[in-house]
Amino acid sequence: MSTPLVIVGYGWAARMHARAAIALQLPIAGVVGPNPQKRDAFAAEFGAFESSDDLLGVLTRARPHLAVICSPNADHFAQASQAIQAGAHVLVEKPVTTTLADAVTLARLADEHRVTVSVGHMWRYHEAVLALRSQISSGAFGNIVRTHGYGVHAKWGPSGWFTQQQRSGGGALIDMGIHAIDTARFLLGDPLPIRVQASIGKGSFREDLEVDDDGLLIIDWNSGVRSLVEFGWWQPRIGGLEAETEVVGVKGSGQIWPEFRSFDSNYEHCSLDMYRLQLQDVVRCSSDGKDSRVSLDVGVIALQIVSEAYDAARVAYQPSTYIKTWEPTWQR
Ligand SMILES: NC(=O)c1ccc[n+]([C@@H]2O[C@H](COP(=O)([O-])OP(=O)(O)OC[C@H]3O[C@@H](n4cnc5c(N)ncnc54)[C@H](O)[C@@H]3O)[C@@H](O)[C@H]2O)c1
């Protein structure tokens, strides 16, 4: 393949996509972002032809096949819109946007300009996730009744823009919970959500946070299955790796990483391989005018569940208006 890419951003996610591009021998036409030192260093390391803070200029000069957007969440919408309008296909990191209305606008724009948009839900390419999905669809566990997923960071959490509501759109739920939500949905064969219940905590593990760092949500799917999802940052222990999902069926149960016991320093959980497979699928499908496995619909439904959960949990901050505390009769 010799399909040029433009990469927007030069942080952790951008590096994974750039490494995937190199593994696939895809040339990086340009890297875009506001910080010249970081951007130039990234361009030099990955052999990008151009480093600039002007996305439109790069898109016009390079005419890339694909724009890979790895900027802070709140910038996704404007940058993806610009790329679509310049005729580029888009792979935008999760969450697709920070509001559902913006995601719907992206879908309309993509249709108008006849380009595809994919969203970085790369766990859909992990071999262990695919293996469990095959077991489920072959009926190994019978009809699935319930799943339990994890999107939790143990002993650390992000800082900077990730913790600023305006730039991130939310905390651990939109950052980590979204992976566990989408992994459960993928394992179950992409059912649609019909109800979301949530309890979300801010400052549970870090008092100074303005976004959520702990929570639980329950999703009812139109297939009759229900999913429990735990998410959080800075937790002292975790019940499972990022995106780990256990499934419980009428005939048995399984999970993605049954052998996992603890982290060691050599353990690379976020493998490059799933980023490579994701990029390969996105480039192939967009060249054929088809949706990839991580289509815009996938990203929009994950974001819709996250948005519903934030709405559903809002009442939790005014408990006295919601729950009338029961008083045992012997105390009256
Ligand atoms: N799929 C995954 O597992 C995964 C993992 C990490 C991050 N992400 C997503 O990738 C995106 C970036 O996260 P990250 O971890 O790389 O963050 P990061 O903070 O490491 O990098 C973001 C970079 O973008 C730069 N930047 C700031 N404003 C910009 C703009 N307007 N345009 C271009 N660049 C800009 C910043 O200087 C920073 O270097 C986020 O949407 C995040 O949710 C996804």
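How do H3 and H4 lie relative to each other?

**Entry 1: ground rules.** I am working from a predicted model, in which local features need pLDDT of at least 70, side-chain atom pairs count only at pLDDT 80 or more, and totals for chains, interfaces and linings use all residues. Residues are numbered from 1 along each chain as its sequence is written.

**Entry 2: H3 and H4.** I looked up helix H3 (residues 55-62) against H4 and found a packing angle of about 25 degrees, with the axes 10 Å apart. Helices (H or I, at least four residues) and strands (E, at least two) are DSSP runs numbered from the N terminus. Axes are lines fitted to C-alpha atoms, for helices over the stretch in contact, and angles run from 0 to 180 degrees between N-to-C directions. H3 and H4 are therefore roughly parallel to each other. Angles under 35 degrees count as roughly parallel, over 145 as roughly antiparallel, 65 to 115 as roughly perpendicular and the rest as oblique. I noted the crossing of H3 and H4 as right-handed; the term applies if the near helix is turned clockwise from the far one by less than a right angle, and left-handed if anticlockwise. On the H3 side I listed Leu 55, Leu 56 and Leu 59, which meet Gln 79, Gln 82 and Ala 83 in H4. This contact has four nonpolar, two polar and no charged residues. Two residues are in contact if their C-beta atoms, placed from the backbone, lie within 7 Å. For the classes, Ala, Val, Leu, Ile, Met, Phe, Trp, Tyr, Cys and Pro count as nonpolar, Asp, Glu, Lys and Arg as charged, and the others, Gly among them, as polar.

**Entry 3: H4 and H5.** Helix H4 (residues 76-85) packs on helix H5 (residues 100-113) at about 10 degrees, the axes being 9 Å apart. H4 and H5 are therefore also noted as roughly parallel to each other. I found Phe 77, Ala 80, Ser 81, Ile 84 and Gln 85 of H4 meeting Asp 102, Leu 106, Leu 109, Ala 110 and His 113 of H5. By class I have six nonpolar, three polar and one charged for the contact of H4 with H5.

**Entry 4: H8 and H10.** I then took helix H8 (residues 172-187) and helix H10 (residues 296-313), whose axes come within 9 Å and cross at roughly 120 degrees. H8 and H10 are therefore oblique to each other. Their crossing is right-handed. Residues of H8 in the contact include Leu 173, Gly 177, Asp 182 and Arg 185, and those of H10 include Val 298, Ile 305 and Tyr 310. The contact of H8 with H10 divides into eleven nonpolar, one polar and two charged residues.

**Entry 5: ligand shell.** Which residues come nearest to the ligand? Of the 23 residues around the ligand, I have Gly 11, Ala 13, Gly 33, Ser 71 and Glu 93 as the nearest. A residue is near a molecule if its C-beta atom, placed from the backbone, lies within 6 Å of it. Helix H1 (residues 12-23) gives the largest share of the shell, three residues. I sorted the shell into ten nonpolar, eight polar and five charged residues.

Entry 6: Most residues other than glycine have a negative phi, and most peptide bonds are trans. I found a cis bond between Lys 94 and Pro 95, with omega about -5 degrees. Pro 95 sits in the loop between strand E5 (89-92) and H5. Gln 25 has a positive phi, near 60 degrees, and lies in the loop between H1 and strand E2 (28-32).
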